[in-house]
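Keep the structure open while you read.

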Amino acid sequence: MKILAIESSCDETAAAIIAGEPVNSTSSAPQAMPELLSSVVVSQIDIFKSYGGVIPEVAARSHLEAILPVIHQAFVGAGLTKKSGNSSAPEDDWDQIDAIAVTHTPGLLGSLLIGTLTARTLSILHDKPLYAIHHLKSHIYANWLPSTDDKTIETSYDSTKAPEFPLLSLVVSGGHTQIIRMSEHNNFEIIGTTLDDAVGECYDKIAKILGLPYPGGPSIAAAAKNGNPDKYKLPIPQIKDLDFSFSGLKTAVLRAVQKEVNVPISYPSYKLAELLSTQQKADFAASFQKTATKILLDKLAKALSQYPDTRSIVIAGGVSANEDLRNTALARFSNKTKVFFPALKFAGDNAAMVGVAAFYEIASGIKPTDPYKLNIMPRSEIC
Ligand code: KG4
Ligand code: ZN
């Protein structure tokens, strides 16, 4: 079967087509991994660079402009077009599509609305079943996609190398920081979560303090390469169980910067970057990144000790692109447990991961959604 997947939860408009034969989970036949036929992502980063962050109304408008061309490009990329009557331009071959998948939660309301309204309309128009997919589920399932770009990272595609259950997933994105245990496909238990900010949000806010461009994660990672990670001592929050907190770390960096440049705490934070040298910025970036990685991986280590039957660690979400996190996780855990990351091109938001998540929903026997009744939710837990 072929699945057209659509993603528009934040500031990326994306469509992808995946192909495969979902085997019902009650069957003893092994499940072959699906194949990716096309993946198109149009990012709004260039629009939001000048604002230093996403403006939800602008994001929704940009999705509206991009979504139909992006879907068409996904058909073209997959070779699923046919000659149309009078026009010389090929048209999308809907006969070849068996299902549609779309992100319906969590995300920006206006952004989600564009993707889901498009998917609902196409589902009704072409009479295709519609699968409403949770965004974090998609991030986790990005680890079941091909990983051609990171040769050094052990990961999926070849089914002998797919993550094995039970697994622990560390989901690190702009909106979430969670440890999720999966005993099998589509079985999720949140065993740790952030009590305040997400780690990606913390990266973005600290980048702003340091005057580094949006999006903050990649900017901090780049600046950190020239910095001393031990220059500034930042606190590790003492949060009980497997939960996280990142708001204190953000404030700790702010106070350390104020101290470094010798200004009072009332000094406007948006003016601090002007007082920092390039080297100081690099040292703050490296010290923060080291601390963020340590906070995440210390909790993961604690979770592993509580769940000794864990067979794979699956790191997912935009922050999983972080090289320091990848290398440190491999160094700490890969001698005992297989560590998986998505290919770099599937770490951030994309639709290929939505298609794969839908594929495994179908394999698990989860029923499609009524396109007339699909709800969007700005926030909701994975289930
Ligand atoms: O998953 P994602 O693309 O969107 C959400 O679902 O939130 O994650 C975006 C987050 C942003 O906070 C961004 O700064 C962060 O991922 N990010 C990174 C890196 N690349 C993206 N954080 C650290 N290092 C990176 N290389
Ligand atoms: Zn995301």
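First, the housekeeping. This is a predicted model, so local features need pLDDT of at least 70 and side-chain atom pairs count only at pLDDT 80 or more, while totals for chains, interfaces and linings use all residues. Residues are numbered from 1 along each chain as its sequence is written, chains are lettered from A and ligands numbered from 1 in the order in which they are written, and side-chain values use heavy atoms, with hydrogens and water left out.

**The zinc site.** The zinc ion (ligand 2) has His135 (NE2), His139 (NE2) and Asp349 (OD) as its protein donors, 2.0 to 2.1 Å away. Donors here are N, O and S atoms within 2.8 Å of the metal (3.2 Å for Na, K and Ca); water is not among the atoms, so sites may look incomplete. Along the sequence, the donor residues follow the spacing H-x3-H-x209-D. His135 sits in helix α4 (residues 135-141) and Asp349 in the loop between β12 (338-340) and α10 (352-363), so the pair ties together parts 214 residues apart in sequence. Helices (H or I, at least four residues) and strands (E, at least two) are DSSP runs, numbered from the N terminus.

How accessible are these residues?

| Residue | Relative accessible area | Class |
|---|---|---|
| His135 | 8% | buried |
| Asp349 | 17% | buried |
| Ile366 | 31% | partly exposed |

**Ile366.** This residue lies in the segment after α10. Leaving out residues up to four places away in sequence, Ile366 touches Tyr131, Lys137, Asn186 and Glu361, where contact means heavy atoms within 4.5 Å.

**α8 and α9.** Helix α8 (residues 278-306) packs on helix α9 (residues 323-333) at about 35°, their axes 10 Å apart. Among the residues that meet are Leu297 and Leu300 in α8, and Leu325 and Phe333 in α9.

**α5.** Helix α5 (residues 199-210) has twelve residues and reaches 16 Å from first C-alpha to last. Its buried residues include Val199, Tyr203, Ile206 and Leu210. The buried residues of α5 pack against β8 (167-172), β9 (177-182), α6 (216-224), α7 (247-260) and α8. After α5 comes Gly211, with a positive phi near 75°.

Methods. Axes fitted to C-alpha atoms, helices over the stretch in contact; angles between N-to-C directions. Buried < 20%, exposed > 50% of the residue type's maximum accessible area, 1.4 Å probe, protein only. Expected span 1.5 Å × (residues − 1).
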